[in-house]
Amino acid sequence: SRKNGLATWRELLDTRIFRLESGPRWVLFLAGDEILLAERNKWLAGRFLRFDLAEIFARLETNTLKAVCGLIHRDALAPEEGGCLHDTLEESSHKHAYAVSGDLKYGVRRGVELLANEAV
């Protein structure tokens, strides 16, 4: 909702920033104890990364902080050479999901065969 006639960050992303013909691919919002990382195509599909800094710092885990820094660092989002880390992670996740679904299909087929053989 609008406050004092000003657009919310969601309205800015929806109606202005990600609608620009040559707009940015990534937007990083820093607000209080939250960080929001939005990618143009994923944002339009309702997906984004949100980091709760209060929770992250309360954990006192170095690896958690390193992961957050790694995901929002410029070299991960727009490296000078090579592909974007987020694209690599997404590609790996799709490959892994495909491999898992193939393994599940094989496992189900094998299970049905075993049950059918037992029934015969």
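User: Which residue forms a salt bridge with Arg25, and how far apart are the closest N and O atoms?

Analyst: The general idea is to look for a side-chain nitrogen of Lys or Arg within 4 Å of a carboxyl oxygen of Asp or Glu. In this predicted model, Arg25 pairs with Glu39, and their closest N and O atoms are 3.0 Å apart.

User: Which side chain does Lys42 meet in a salt bridge?

Analyst: Lys42 meets Glu39, at 3.9 Å from N to O. Salt bridges that share partners join Arg25, Glu39 and Lys42 into one network. Lys42 itself counts as partly exposed, at 22% relative accessibility.

User: How many salt bridges does the structure hold?

Analyst: There are four. Among them is the one between the side chains of Arg50 and Glu34, with an N to O distance of 3.4 Å. Arg50 is in strand 3 (residues 49-52) and Glu34 in strand 2, so here the parts tied together are 16 residues apart in sequence.

User: What is the relative accessible area of Arg50, and what is that of Glu34?

Analyst: Arg50 has 48% and is partly exposed; Glu34, with 33%, is partly exposed too.

Definitions and conventions:
Residues numbered from 1 in each chain as written. Predicted model: local features only at pLDDT ≥ 70, side-chain atom pairs only at ≥ 80, totals over all residues. Heavy atoms only, no water. Helix = DSSP H or I, 4+ residues; strand = E, 2+ residues; numbered from the N terminus. Buried < 20%, exposed > 50% of the residue type's maximum accessible area, 1.4 Å probe, protein only.
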